[in-house]
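This report describes the fold, the strand pairing and the pockets of one protein model. Please consult the sequence and the structure shown below while reading.

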Amino acid sequence: MKVSEILEVKGKTLYTVTPDQSMVDAANTMAEKDIGSLVVMEYGDLVGMLTFREVIKALNEHNGSIGAGTVRKHMDDHPITVTPDTEINEVRRIILEKHARYLPVMNAKTLLGVISFYDVARAVLEAQSFENRMLKAYIRDWPAETVD
């Protein structure tokens with residue numbers, strides 16, 4: 001299974017912010033949309049990711065207040081990306097080794113979407129469920145042995 005297959009199932013909805021937007025606005029968007037990440041875009045290019053991890057760090061840095069800073073100050077400005085052709089097992093390795101919960105999917109310089117830890121787990125579970133159903137059907141339809 002490849003990242004492109006996960007994106008097909010997930011859909012194309014993508015939420016973005018600019019680096020100069022306030023952290024308050026970004027956090028409000030994340031809360032309103034019930035999402036864990038925002039893609040940070042500037043002049044049509046991916047320049048970073050803002051996830052709940054960076055929001056929590058900002059809260060900690062400002063003693064429980066998000067502060068008056070911008071997204072640029074807190075975003076991850078070197079997010080790990082994958083391509084549509086990246087295999088799911090490679091994505092799982094990246095997620096585990098890099099502690100990445102959200103991965104932008106890039107085709108050259110074009111952002112195609114973002115996949116999350118949840119999206120990957122769901123895709124793997126669905127693939128395993130499909131295999132289990134096929135195996136059970138195969139076993140149920142096993143031809144009876146004939147004795148000669």
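## Overall architecture

Read from the N terminus, the elements of the protein follow the order α-β-α-β-β-α-α-α-β-β-α. This gives six helices and five strands; helices (H or I, at least four residues) and strands (E, at least two) are DSSP runs numbered from the N terminus. The model is predicted, with pLDDT of at least 70 needed for local features and 80 or more for side-chain atom pairs, while totals for chains, interfaces and linings use all residues. Residues are numbered from 1 along each chain as its sequence is written, and side-chain values use heavy atoms, with hydrogens and water left out.

The protein has 148 residues, of which 34% count as buried, that is, under 20% relative accessible area with a 1.4 Å probe and protein chains only. Its accessible surface is about 9,700 Å², and carbon and sulfur atoms account for 52% of that area; the areas come from the Shrake-Rupley method with a 1.4 Å probe. Of the contacts between residues at least 6 apart in sequence, 56% join residues at least 24 apart, a contact being heavy atoms within 4.5 Å.

## The three-stranded sheet

An open sheet of mixed pairing is formed by three strands in the order β1-β2-β3; two strands pair if DSSP finds at least two bridges between them. Strands β1 and β3 lie at the edges with a single partner strand each, so one side of each has no neighbour in the sheet.

Strand β1 (residues 16–17) pairs with β2 in the parallel sense over two bridges, and T16 has V39 in β2 as its bridge partner. Strands β2 and β3, by contrast, run antiparallel and are joined by six bridges; here M41 stands opposite L46 in β3. Strand β2 is mostly covered, with five of its six residues buried.

## The β4–β5 hairpin

Strand β4 (residues 102–107) pairs with strand β5 (residues 110–116) in the antiparallel sense, over six bridges. Within this pairing, M106 is opposite L111 in β5. The two strands form a hairpin with two residues between them, and A108 in the turn has a positive phi of about 60°.

## The largest pocket

The volume of the largest pocket is about 320 Å³. Of its 18 lining residues, K10, T13, I35, S37 and V114 are the closest to the centre. The elements giving two or more residues to this lining are β2 (37–42), β5 and α6 (117–140). By class, the lining holds eight nonpolar, five polar and five charged residues; Ala, Val, Leu, Ile, Met, Phe, Trp, Tyr, Cys and Pro count as nonpolar, Asp, Glu, Lys and Arg as charged, and the others, Gly among them, as polar.

A pocket is an open set of points on a 1 Å grid over the protein atoms alone where a 1.4 Å probe fits, with protein on both sides within 12 Å along at least five of seven lines; lining residues have an atom within 4 Å of a point. Grid points are joined across faces, edges and corners, and a volume is the space filled by probe spheres set on the points.

## The second largest pocket

The second largest pocket holds about 210 Å³ of space. Fifteen residues line this pocket, and the closest to its centre are R53, D76, H99, A100 and R101. At least two lining residues come from each of β3 (45–51), α3 (52–61) and β4, and α3 gives the most, with four residues. The lining comprises seven nonpolar, two polar and six charged residues.

Technical notes:
Buried means under 20% relative accessible area, exposed over 50%, partly exposed in between (1.4 Å probe, protein chains only).
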